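Could you walk me through this structure in my viewer? I would like to know what to select at each stop and what I will find there.

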Amino acid sequence: MLDWLPENVSVFGEGVDHLFTLIYYISVAIFILVNVIYVAFIIRYRRKRKGDRAYYYHGNNLLEFSWTALPFVLFLFLAFYSDGIWESIKYSDKTPNPDLVVEVMGQTYMWHFRYPGSDGIFGRREARFMGTTNPFGIDPDDPNGKDDYTTINNLTIPVNKTVLVHLSSMDVIHSFFLPNMRVKQDAVPGQWVDVWFNSVKTGKYEIACAELCGSGHYLMRAVLEVKSQSAFDGWLDEQYGGLLAALNAPSAVPATAPAAQDQSAPAASPTH
Amino acid sequence: MEAVLSTEKHALAGGHAHSESFIRHYIFSTDHKMIAKQFMFTAIFFLFIGGAFALFIRWQLAYPGQPIPLIGKLLPSTWVNGQGAVTAEWYTQLLTMHGTIMIFAVIIPLLVGTFGNFAIPLMIGADDMAFPFLNMVSFWLFPLAGIIMMSGFFMEGGMAAAGWTSYPPLSAIASTGQTLWIVALFLIGFSSILGGVNYITTILNMRAPGMKMFDMPMTVWAVFITAIIITIGTPVLASALSMLFMDNFLSTSFFMPAHLTVATRDMSRTAGGGQPLLWQHLFWFYSHPAVYIMILPGMGVVSDVLATFSRKPLYGYKAMVFAIIAIAFLGIIVWGHHMFQSGMNPLLGTTFMVSTMVIAVPSAIKTFNWLGTMWRGKMEFVTPMLNAVAFVSMFVIGGLSGIFMASTPVDVFIHDTYFIVGHIHYVLFGGSLFAIFAGLHYWFPKMSGRMYNERLGKLHFWITFISFNCTFFPMHILGIGGMMRRIYDPTVYDFLKPFQPMNEFITISAIVLGFAQFILVYNLLHSWFYGKKAKRNPWRANTLEWQAPSPPPHGNFDTELRVYRGPYEYSSPDSVQDYLPQTVSPEELQEQNERHRQRLAQQEHAQPVA
């Protein structure tokens, strides 16, 4: 049954999948054990003749104790084993040093991605600047923000590099779901959450929204492109060149309404 | 002799019924049995509405964008497009209303409203509830709430569409249907609280003489503990709903952060500073225990049915009671496991994972004790027993799939996927609803005074059992494949396209499952009027309700009751019969045994002659 899992390409995904497999086999074992006994009882202990009498028996404390203690030990073991992996995925003090930081903003029904630009520094953002033309709320007066660039529904990252995502939403709750990375994290308005992952394989993968955000929820799909470092650098330069050209133009054209843009095509939209 | 007694009482019952006006007897009744029936028929009505909604959802998932067969063109234009296919807007309303109706208007009213009302006074030997008037109010709030909730249909924007969990900000910026949903849920909560207070008082104060707490049947124990959870949890839901109502209606900011960019609504009046996660904490503080509200009474019913039809004492009665208490207690401190990916501090994820893993223990205890009850029993597979046996097996699957979600790293992947949908349906349908089927058939003779049709009962069970598993088991596989809940069209995603044949299979099974329920309704309704007359104690059961006439008149019992023993003395060596009712005094028992021996002796004498 676990063959149905989407291909895992993330570093910690392997641990998650191992745990998944472990719990799967434990569950199947318990299920078979209980149901074999169950079916055997159903066949063996049915009333065949009138006047058949059942065994008059109220229970056994030793048995009660053992089938309390054994599951207790088993489930506590699972809890602590799981916790090791959970901590390594989610605890902020266990997050590895990122090679790339990206900000992700959910908006009904699209994903915005923001890269820090050539200076490697994000421009200051404030919630009061947030709006459909400035989803991240970048402070227009901060020079660091001038070269930040954003894409819609396309996240491009280099392979084998730790990517740290600052995640939030500008309207309702969304959930940032990368099936192949074994990543899922709700994007909550008014709150920034960190998510990290590291892809070991290049390719195109899908990003979905996993939290109901309105009737267009199912359309909130983005593409994750994992590129080799050199291809990623090339892509970066290309985007950056386009952005510079737009900045240097006499009057920067405001970004078109984001909804009109293509679902999967990488799109650079100047911020202002 | 039994027959004589029951005819006498029938005459009495008839007299009672005639002394009341029609309205007093059938509509604004304060009799717990009539209220139970009212809950039952209203909830079964909603079962079909919720079920129809589920089938529309399933149709859309299997055949996205294709017209609904036969009735597609007849549906209003706010629901379907020109071709008669479900629209995305209606789809989100459907999934919201399906969840809300099934939980609040079907499962809880059937388990708590119907069985609680019907069984508690009869099983503890009381003539009615402690507060009959409160009981009537508790019922009438429920259809009122149902009407309010469904009336969203007439509003602009339709019914509520933020999911049954209604997370703000989505639910706080929604249409009028959402406001009606909030009001309706508030009323249903109020109805629950009234019922809960009534159950607790009745059970504590009105037990028949001689009945100790540990002489109560598991159904009564389970409803008792459930009522305590209700009175603890529901006020929290009510307060959360009040806040959501104010955010929605008066632009307050309990759950709303500042500077939201929302196209549909002017947010300038909303000050901000609220926390969307606060709703989730408050909502799940009620709604996780609500899962136990929906399963504990089922466990109680199943325990009684299993013991009765295994002709054996319930294995580990006290352990079963303590397991219920443990589930209730732990159930209040595990709500955070719904929020592992919500952005809550991951350290809380660790603590909630540990408490969630621990709550699997009492469930395991219950399962093993049910197995123990059947061990060396003499099982009779009538319809209630079949459903109860199915309950145990399905509950095991539902419990085991819960472990995946309890483990936080695995939950990262399966959270908000169809794995969860599969899990919840194994618990709420495979668990609660099968327990409800068991209970409906088990108490049907007492409720209506007639026997249901055994062949139809079995037919309904087998079709339901098979199509249930065909419908919900594959959902686990969809979840492993990553299919998200609540999406209108899975084919938008490349990685979900391979699952489309499975979606079609599920939908076909679901259609069979849905239509099989007409067998149940036909059986219940037809047997209600034309079934074979039921004896007082058709199942040869021990508990007190079987000492009352079938159906019991206003006031329930025609004999003085005194309780001498626990409810599960089946196949006791003290009695020559294989059951020993709680009310039989030691002297009566001796007499009975003597009479029985004499009859046996006569038969032996008679045999050579024959």
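Are helix 5 of chain B and helix 6 of chain B roughly parallel or roughly antiparallel to each other? Keep in mind that this is a predicted model, and let's begin the tour with that pair.

**Stop 1: two helices in chain B**

Select residues 132-150 of chain B for helix 5 and residues 176-205 of chain B for helix 6. Their axes are 8 Å apart, and the helices pack at an angle of about 165°. Angles over 145 degrees count as roughly antiparallel, so helix 5 of chain B and helix 6 of chain B are roughly antiparallel to each other. The crossing of these two helices of chain B is left-handed.

Now show the side chains where they meet. From helix 5 of chain B, pick residues including B:Leu134, B:Leu141, B:Phe142 and B:Ile148. Facing them from helix 6 of chain B are residues including B:Trp181, B:Leu187, B:Phe190 and B:Leu194. Colour the contact between helix 5 and helix 6 of chain B by class and you will find 16 nonpolar residues, five polar ones and no charged ones.

**Stop 2: a sheet in chain A**

Move over to chain A and look for an open sheet of five strands, in the order 4-10-9-6-7, with mixed pairing. To find its edges, select 154-158 (strand 4) and 183-187 (strand 7) of chain A, each of which pairs on one side only. From one strand to the next, the twist averages 20°.

Zoom in on strand 4 of chain A and its neighbour, strand 10 of chain A (residues 222-227): they run parallel and are joined by five bridges.

**Stop 3: the domains of chain A**

Zoom out and colour 2-93 of chain A as domain 1 and 100-260 of chain A as domain 2. The C-alpha centres of these two domains of chain A lie 41 Å apart. Where they touch, ten residues of domain 1 of chain A are in contact with ten residues of domain 2 of chain A. The domain 1 side of that contact in chain A has five nonpolar residues, four polar and one charged.

**Stop 4: where the chains meet**

Finally, display both chains: 79 residues of chain A and 85 residues of chain B make up the contact. On the chain A side, select helix 2 (61-90), which gives the largest share, 15 residues. Helix 1 (13-44) of chain A is also among the elements that give two or more residues, as is strand 9 (203-209) of chain A. By class, the chain A side of the contact with chain B has 48 nonpolar, 16 polar and 15 charged residues.

Note on methods: Residues are numbered from 1 along each chain as its sequence is written. Chains are lettered from A and ligands numbered from 1 in the order in which they are written. This is a predicted model: local features need pLDDT of at least 70, side-chain atom pairs count only at pLDDT 80 or more; totals for chains, interfaces and linings use all residues. Two strands pair if DSSP finds at least two bridges between them. Helices (H or I, at least four residues) and strands (E, at least two) are DSSP runs, numbered from the N terminus. Axes are lines fitted to C-alpha atoms, for helices over the stretch in contact, and angles run from 0 to 180 degrees between N-to-C directions. Angles under 35 degrees count as roughly parallel, over 145 as roughly antiparallel, 65 to 115 as roughly perpendicular and the rest as oblique. A crossing is left-handed if the near helix is turned anticlockwise from the far one by less than a right angle, and right-handed if clockwise. Two residues are in contact if their C-beta atoms, placed from the backbone, lie within 7 Å. Ala, Val, Leu, Ile, Met, Phe, Trp, Tyr, Cys and Pro count as nonpolar, Asp, Glu, Lys and Arg as charged, and the others, Gly among them, as polar. Domain bounds come from an automatic or database domain assignment.
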